[in-house]
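Please open the structure in a viewer and keep the selection panel at hand.

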Amino acid sequence: MPLVTSKEILQRAFEEHYAIGAFNANNMEQIQAIVEAAQEERAPVILQVSQGAIRYAGLEMAAGMVKIIASQVDIPVVLHLDHGTSFEQNILCLRAGFTSLMFDGSKLPFEENVAITRKICEVAHAVGIPVEAELGQVLQITDKVTPEDVERAMTDPDQAAEFIKLTGADSLAVAIGSIHAMRSQEATLDIDRLKAIRKKVNVPLVLHGSSGVKNESLLEAIENGISKINVATYLNQAFMRGLREGLEKMPDEVDPRKVLAISREYVKEAVREKIRLFGSAGRIDSAGGFVSPRKVFGVVKPGTPE
Ligand SMILES: [Zn+2]
């Protein structure tokens with residue numbers, strides 16, 4: 001079916017206390033794996049194009065692949081820009097057919113972040129496209145990041161309320177203790193801070209850097225208003241595990257597809273696992289519409305084991 005906007009699926013997830021997985025679309029195999037997993041799990045899904053993917057595949061190529069695959073399935077698929085860098089880049093994505101935008105002004109002074117986010121919202125909303133913004137900073141993992149740095153970069157609940165009022169952003173990425181690109185699940189989120197933000201901000205909240213967060217903490221975050229969870233590193237790890245295993249098993253193989261097919265299968269499994277954990281499995285009926293949780297059996301609560 002045609003792409004849908006993130007507004008409609010996030011609002012529903014927010015109201016029904018589950019989260020939508022937002023998975024990074026880096027190459028054809030990963031995109032196929034993500035959408036096949038979502039289709040089999042009957043889950044709405046967000047494919048997001050990061051700055052790295054734009055450099056690697058090009059904006060139009062990444063967007064084109066997502067659009068093609070979305071047209072072949074009967075679940076809602078969103079094409080989202082991850083960490084948009086400027087007003088201009090967001091407008092380019094609007095033109096390329098993205099159905100969800102993001103401006104990350106988290107490193108800018110508050111007023112500047114507000115001004116650019118508001119400008120993007122004005123233009124995007126005119127054509128019905130929602131915008132994610134970021135306040136507070138989800139840091140990138142390096143040897144130098146200390147727990148104090150993470151604490152200092154966290155989202156302030158009062159400022160978040162002011163920010164949403166001033167910008168009209170449709171969802172907000174919050175810094176509550178996760179770090180981008182962590183390789184193992186060690187971090188625990190600041191749920192009290194999340195609750196405080198939730199009390200003051202009435203839009204779906206977004207968690208970046210989920211690959212490094214413990215499952216129990218993710219589930220608590222979903223219960224308290226996180227409606228979109230970005231997953232990148234965990235899928236890249238699965239892809240690379242498949243690649244290494246394939247090369248080891250078939251050292252003389254000349255057909256790259258034989259190896260890449262293993263990677264694709266591993267990514268698919270990783271996506272299925274996350275979709276079930278986030279509680280978005282079983283939300284879409286066989287006609288492509290949303291299952292009403294009150295009427296229909298078979299909806300999987302967040303964290304229900306397979
Ligand atoms: Zn991020």
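**Stop 1: helix α9**

Select the buried residues of α9, which pack against α8 (157–167), β6 (171–174), β7 (205–207) and α10 (215–223). Contact here requires C-beta atoms, placed from the backbone, within 7 Å; helices (H or I, at least four residues) and strands (E, at least two) are DSSP runs numbered from the N terminus. The model is predicted: local features need pLDDT of at least 70, side-chain atom pairs count only at pLDDT 80 or more, and totals for chains, interfaces and linings use all residues. Residues are numbered from 1 along each chain as its sequence is written.

Within α9 (residues 191–200), the buried residues are Arg193, Leu194 and Ile197. A buried residue has 20 or more other C-beta atoms within 10 Å of its own, an exposed one 12 or fewer, and a partly exposed one a count in between. On the face turned away from the buried side, select the exposed residues Asp192 and Lys199.

**Stop 2: helices α2 and α4**

Next, display α2 (residues 28–41) and α4 (residues 59–71), whose axes come within 10 Å and cross at roughly 30°. Axes are lines fitted to C-alpha atoms over the stretch in contact, with angles from 0 to 180 degrees between N-to-C directions. From α2, Met28, Ile31, Gln32 and Val35 meet Met65, Val66 and Ile69 of α4.

**Stop 3: the core**

Finally, select Ile34, which, leaving aside neighbours within four places in sequence, is in contact with Phe23, Ala25, Val45, Leu47 and Val271. Ile34 is among the residues with the most contacts inside the largest nonpolar core, which has 92 residues. Such a core is a set of buried Ala, Val, Leu, Ile, Met, Phe, Trp, Tyr and Cys residues joined through C-beta atoms within 7 Å. Helix α12 (residues 256–278) gives the most to this core, with 8 residues.

Notes
Contact = placed C-beta atoms within 7 Å.
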